[in-house]
Amino acid sequence: MSPDVLAPLITHADDTALMRLRARLAQESESAHLLDVAYRTVETPVGTLLLVATERGLVRVAYEREDHDVVLASVAARVSPRILRAPARLDDVARELDEYFSRRRHGFDLPLDLQLARGFRRTVLEHLRQIGYGRTASYAAIATRAGNPTAVRAVGSACAKNPLPVVVPCHRVVRSDGAVGQYVGGVEAKRTLLALEAG
Amino acid sequence: MNEPEPVDRDHDEPQPVNRLPTGPKPFDRLVDEHGAVVLRVCRALLSPADAEDAWSETFLAALRAYPRLPAGSNVRGWLVTIAHRKAIDRHRAAARAPILVGSVPERPTDAVVPTEPDTALWDAVRALPPKQRRAVTYHYLADLPYAEVGALIGSSEAAARRSAADGVANLRRTYPQEASP
């Protein structure tokens, strides 16, 4: 218990100063190459998206239903715990997403860091990037293109664990019977993205 | 033709990405949890202008060292220790700096830079003798136990407790509060 003479110093959290200091820390850590991972969020028609970037490029995009806190903790464990909210590094990503969602952009021109996808999953992501705007492909077709026609389930799993949804368009992979199929952002989000691109 | 339904993330076997990992927290959370404490410490030990610089230096140094911080460490104690060292560095630098006519090294007059709430009270804390000021800061403003306070200021636990008590008594004299109704 602190003496009441000191109470004003403790109860008065100086949020203005702390916001200013946080912005300065984000900037200085970026200049000093200490900011291994920067993040911010953006509001989109498919909800709030978490955007996460290393110095190499965009490393993770996450839907709200994935739980942003869990995603950041996972990035801390798998990439680096040197993580700060630092919007500047993600300005280009935010701008391109905004253009995409307003139908002014059909492809993303962004440096990507694919370190969270390895092996066959990484191969699948490379093939997903070949599916053009407004087009779809079946899980089976992607399995074939990835060199393993029987690995249809593995393709589904790679899509479900796509670290970069929206930007690497796993939403363009649908079932060969025409059904939309599942999606890391939820079926509704998948329908929204497909409708956006069809429009 | 029926194709097996691809596995959804929610129904897949448990993956690390679905659980809160037990590893180090994102550094951002440390700033959330301890940013205000470190700012109090810096303000109590330094002028308002120096305080913000020391806060920044503390968190930059902490960010640099964070991946090597052993799991289960007392993060608040660690951050306050870094702030303590940064404040000492700044006092030393000020002591080495040429003294300008009309300036007082320990208490520069800086109506210039960042404003702080409760300035008069901060001034009263900063006016305490160094050992009392540090003991009050680390125990009452940063909530460290006296053993840790003692380690930081080079005193025994009992001496740290006395310094903090003397500091509070001093404050009550120099910063009299309005009488309660």
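Among contacts in chain A between residues at least 6 apart in sequence, what percentage join residues at least 24 apart? In this predicted model, 59% of those contacts in chain A join residues at least 24 apart, where a contact means heavy atoms within 4.5 Å.

The model is predicted, so that local features need a pLDDT of at least 70 and side-chain atom pairs count only at pLDDT 80 or more, while totals for chains, interfaces and linings use all residues. Residues are numbered from 1 along each chain as its sequence is written, chains are lettered from A and ligands numbered from 1 in the order in which they are written, and side-chain values use heavy atoms, with hydrogens and water left out.

Chain A contains eight helices and six strands, the helices being DSSP runs of H or I with at least four residues and the strands runs of E with at least two, numbered from the N terminus. From the N terminus on, these elements of chain A follow the order α-α-β-β-β-α-β-α-α-β-α-α-β-α. Of the 199 residues of chain A, 57% count as buried, that is, under 20% relative accessible area with a 1.4 Å probe and protein chains only.

Leaving aside residues up to four places away in sequence, L6(A) touches V125(B), V136(B), Y140(B), L141(B), V168(B) and L171(B).

Conventions: Buried < 20%, exposed > 50% of the residue type's maximum accessible area, 1.4 Å probe, protein only.
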